[in-house]
Each structure stands twice: as structure tokens, then as C-alpha cells.
Amino acid sequence: MAQIVDGNKIADKILTDLADRITKFYKAGFLPKLFVIRAGDDPASSSYIKIKQKKAAAIGLAVEVINYPSDISQHELQN
């Protein structure tokens, strides 16, 4: 028998749990932050990052996006 999974309900639960954990970090004096490292200017990536920024803001998580040109080498990126 197949079971229907409600992905939105699961995602909401995960976000609620993360929000609680982030609140505990703030109360303990830590400032959690999501860093996004992006190489290039692909429109799909921009859209994806905007969604992540919106979700992070909703749960009290700061986000910093670091942009690099698309021609950056792996060596430059790692240093």
C-alpha cells in the first residue's frame, strides 16, 4: 500500500525545529549565519538563493552571500 507524504508539512516541521535551535544559539550568545558562496550569475542560482534567504529570514537566521566571477579558479576559491 502506497503512503502519501506531505512534503510541505515535513519542511514546515524542519523549519520550526531549526527556528527553535537558532533561538537557543542566540540566547547562548552565538550568532549563527548561513554563508552562500556563489560563482557566476546563473539566473536559476539567483532564484534558489533568494528562496533560501527568505526561508532563513523567516526562522531568524542571518545570510551572507559571497559572489565570485564565473571564471574564478578552484585554487583561487579555496584560498
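**Close-up views of a predicted model**

**View 1. Strand β1, helix α2 and strand β2 build a right-handed β-α-β unit.** Right-handed here means that, with the strands pointing away from the viewer, the path from the first strand over the helix to the second runs clockwise. Helices (H or I, at least four residues) and strands (E, at least two) are DSSP runs, numbered from the N terminus. Helix α2 spans residues 43–58. This is a predicted model, so local features need pLDDT of at least 70 and side-chain atom pairs pLDDT 80 or more, while totals for chains, interfaces and linings use all residues. Residues count from 1 along each chain as its sequence is written, and side-chain values use heavy atoms, without hydrogens or water.

**View 2. β1 (residues 33–39) runs parallel to β2 (residues 62–68), with seven bridges between them.** Strands pair if DSSP finds at least two bridges between them. K33 has A62 as its bridge partner, and A39 sits opposite Y68.

**View 3. K33 and E64 join their side chains in a salt bridge, 3.1 Å from N to O.** A salt bridge is a side-chain nitrogen of Lys or Arg within 4 Å of a carboxyl oxygen of Asp or Glu. K33 is partly exposed at 40% relative accessible area (buried is under 20%, exposed over 50%, partly exposed in between; 1.4 Å probe, protein chains only). E64, at 33%, is partly exposed too.

**View 4. In helix α1, D17 and K13 are four residues apart, so about one helical turn separates them.** Their side chains meet in a salt bridge at 2.9 Å, N to O.
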